[in-house]
Amino acid sequence: MKSNYEVRYAASPQDVKSYDTKRLRDEFLIDNLMKPDALNLVYSHYDRFISGSAVPVNTTLKLETIDPLKAEYFLERRELGIINIGGSGTVTVDGTDYELDNREALYVGQGNKDITFSSKSSSNPAMFYLNSTPAHKAYPIKKIGIDEVEVVELGAPETANARTLRKYIVNSVVSVCQLQMGMTELKSGSVWNTMPAHVHDRRMEVYFYFDVPEDQAVCHFMGQPQETRHIWMQNHQAVISPAWSIHSGSGTSNYTFIWGMAGENLDYGDMDHCKINELK
């Protein structure tokens, strides 16, 4: 079974100012994730970042190379991060099995050839969220359990942004080339993420929203601080955030999202903050 993929090209912030709702969603929204028995990928020209998912229900899924990579195998010149948001599953890398329970992660370094995904139970399948970036060096595979992540408590109930941030794939936890991944969970009664907002011109980012109730939504804000736009998002959708764009959101209930970054450096704190009362 071949990996399904689509390509997204980079856009100038000057051009994005003129986009209508459909064009904005076509360019930045990723809405084909977490489909049963499918491995779907989106290749973005922002830092050559790949977002995707693998949901093995009745079959084992294999991560195949895609044409834009011009590579013999997927990780020939790449690294890969995987976070499981479903039932227990197994990622097999060159014959070695790595069991991932809910909210556990796996880093797979450059040069590993055969990668497959399977679920322990078809009635409660694993749901693997994938991020991949170009790599210049081969680092060891590492599983990251929920008790091995860096935990940061942010925000406050008074500003409706109390949240727990967990850093899974960062250089203080695992050796990487440029990929960074983590998870942020909004606490009950809080709805705002990444507020006050920021940009980091040295890195792009992708947000993947989940734990969004069926009858609720998240309004994701993007764009330059003085030219913001919004995209309404549902459960299991992701959004591409260019380096020139803020990336923040507010939900009609609390929710969780996975963030993935790539770019110039591995300094998580390298960001330019935007004052709330100066956003437009």
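I began with Val-239, which is buried, with a relative accessible area of 1%. I take buried to mean under 20% relative accessible area, exposed over 50% and partly exposed in between, with a 1.4 Å probe and protein chains only. I note that this is a predicted model, in which local features need pLDDT of at least 70 and side-chain atom pairs count only at pLDDT 80 or more, while totals for chains, interfaces and linings use all residues. Residues are numbered from 1 along each chain as its sequence is written, and side-chain values use heavy atoms, with hydrogens and water left out.

**Entry 1: Val-239**

I located Val-239 in strand S21. Helices (H or I, at least four residues) and strands (E, at least two) are DSSP runs, numbered from the N terminus. I then listed its contacts, a contact being heavy atoms within 4.5 Å. Not counting residues up to four places away in sequence, Val-239 touches Phe-28, Glu-205, Val-206, Tyr-207, Tyr-209, His-220, Ile-231 and Met-233. I followed up Glu-205: its C-alpha atom is separated from that of Val-239 by 8.6 Å, and the two residues are 34 residues apart along the chain.

**Entry 2: the listed binding site**

I looked up the UniProt record, an unreviewed entry, which lists His-198, His-200, Glu-205 and His-247 under "binding site". These residues span 50 residues in sequence, yet no two of their C-alpha atoms are more than 11.6 Å apart, so they gather at one spot. The lining of the largest pocket includes His-198, His-200, Glu-205 and His-247. UniProt positions are given in the numbering used here, feature names are shortened, and annotations may be inferred rather than shown by experiment. For the pocket I used a 1 Å grid over the protein atoms alone: a pocket is an open set of points where a 1.4 Å probe fits, with protein on both sides within 12 Å along at least five of seven lines, and lining residues have an atom within 4 Å of a point.

I placed Glu-205 in strand S18 (residues 203-210). Glu-205 is buried, with a relative accessible area of 4%. Outside the four neighbouring places in sequence, Glu-205 touches His-200, Val-239, Ile-240, Ser-241, His-247, Trp-259, Gly-260 and Met-261. With His-200 there is also a polar contact, side chain to side chain, of 3.0 Å. A polar contact is a pair of N or O atoms within 3.5 Å; within protein, one must be able to donate a hydrogen and the other to accept it, and residues adjacent in sequence count only if both atoms are side-chain atoms.

I found His-198 in strand S17 (residues 198-199). At 9% relative accessibility, His-198 counts as buried. Its contacts, not counting residues up to four places away in sequence, are Ser-245, Ile-246, His-247, Met-271, Asp-272, His-273 and Cys-274. The side chains of His-198 and His-247 are joined by a polar contact of 3.2 Å.

**Entry 3: helix H2**

I turned to helix H2 (residues 21-28), where Leu-24, Glu-27 and Phe-28 are buried. These residues cover an arc of only 75° around the axis, which puts them on the same side of H2; the arc is that of the directions from the helix axis to the C-beta atoms. I checked what covers them and found, among others, strand S1 (4-8), helix H1 (13-16), strand S2 (29-30) and strand S21 (237-241).

I located Asn-40 in strand S3 (residues 38-44); at 8% relative accessibility it counts as buried. A polar contact of 2.9 Å joins its side chain to that of Asn-4. Leaving aside neighbours within four places in sequence, Asn-40 is in contact with residues including Asn-4, Asn-32 and Ser-51. Asn-32 lies in the loop between S2 and S3 and is buried, with a relative accessible area of 19%.

**Entry 4: a four-strand sheet**

I traced an open sheet of four strands in the order S5-S10-S7-S8, with antiparallel pairing. Strand S5 (61-62) and strand S8 (96-100) are the edge strands, each pairing on one side only. Two strands pair if DSSP finds at least two bridges between them. Strand S7 (residues 89-93) is joined to strand S10 (residues 115-119) by five bridges, and S5 pairs with S10 over two bridges. I recorded Leu-61 with its bridge partner Phe-117 in S10.
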